[in-house]
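I opened the structure to look up a few things about its strands and helices.

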Amino acid sequence: MLFRSVLLVEDDPSVAASVIDGLKGAGLAVTHVDQGGAAIAHVAAHQPDIVLLDLGLPDMDGQDVCRQIRSTSQVPIIILSARGDEIDQVLALEFGADDYIVKPFGIRALVARIKAVGRRAVAAPSESTAVQPIGPIVIDRRQQKVFVSDEEIHLTPKED
């Protein structure tokens, strides 16, 4: 498996215990937090290989957590949520999630999705090609930013 360290962000202890057991059985090291602020801090400090993120968190909405993580990191994010409406899925993907799984789900399906996201991450631009200068324009794919003559250009979410 391409990923080894997983950050699970889930506030329901029974769901968290089930997912942790299943992922450990698949050979993954899992760190669990139950709040969005803790997730953001953990990603900044430890850079896990992948984040599994619930949207319904006690301290902040998971959509905001996803946006904040994505603003500073390219760590792959899979949303695990009871919110099954199409609009919730579309918004999560637009805010930077790499995949979305509606609860309840099977652990084998989750592990398969983790592997699929891992394959896509490997195919993504490498560190050496993440920053691309084109004359006075510099495209930083890692940070999803564009600079013209050293000035950052504001991009809309669709342009990111």
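**Entry 1: the model.** I noted before starting that this is a predicted model.

**Entry 2: two helices.** I looked up how helix α2 (residues 36-46) and helix α3 (residues 62-72) lie against each other. Two packed helices are described by the angle and the distance between their axes. I found that the axes of α2 and α3 come within 10 Å and cross at roughly 15 degrees. Angles under 35 degrees count as roughly parallel, and α2 and α3 are therefore roughly parallel to each other. The crossing of α2 with α3 is right-handed.

Which residues meet there? On the α2 side I listed Gly 36, Ala 39, Ile 40 and Val 43. On the α3 side I listed Val 65, Gln 68 and Ile 69. Sorted by class, this contact has five nonpolar residues, two polar ones and no charged ones.

**Entry 3: strand β4.** On one side of β4, Ile 77, Ile 79 and Ser 81 are buried.

I then looked up a partner of β4. Strand β3 (residues 50-53) runs parallel to β4 and is joined to it by three bridges. In this pairing Leu 52 stands opposite Ile 78.

**Entry 4: Asp 99.** I found Asp 99 in strand β5 (residues 99-102). Its relative accessibility is 14%. Buried means under 20%, so Asp 99 counts as buried. Leaving out residues up to four places away in sequence, I listed what Asp 99 touches: Ile 77, Ile 78, Ile 79, Leu 93, Arg 113, Val 117 and Arg 120.

**Entry 5: an open sheet.** I traced four strands that form an open sheet in the order β6-β7-β8-β9, with antiparallel pairing. Which strands are at the edges? They are β6 (131-134) and β9 (151-153), each of which pairs on one side only. From one strand to the next, the twist averages 25 degrees.

I looked at one pair in detail. Four bridges link β6 with strand β7 (residues 137-140) in the antiparallel sense. Gln 132 stands opposite Ile 139 in β7.

Technical notes. Residues numbered from 1 in each chain as written. Predicted model: local features only at pLDDT ≥ 70, side-chain atom pairs only at ≥ 80, totals over all residues. Heavy atoms only, no water. Helix = DSSP H or I, 4+ residues; strand = E, 2+ residues; numbered from the N terminus. Buried < 20%, exposed > 50% of the residue type's maximum accessible area, 1.4 Å probe, protein only. Contact = heavy atoms within 4.5 Å. Pairing = 2+ DSSP bridges. Axes fitted to C-alpha atoms, helices over the stretch in contact; angles between N-to-C directions. Parallel < 35°, antiparallel > 145°, perpendicular 65-115°, else oblique. Left-handed = near helix turned anticlockwise from the far one by under 90°. Nonpolar A, V, L, I, M, F, W, Y, C, P; charged D, E, K, R; others polar.
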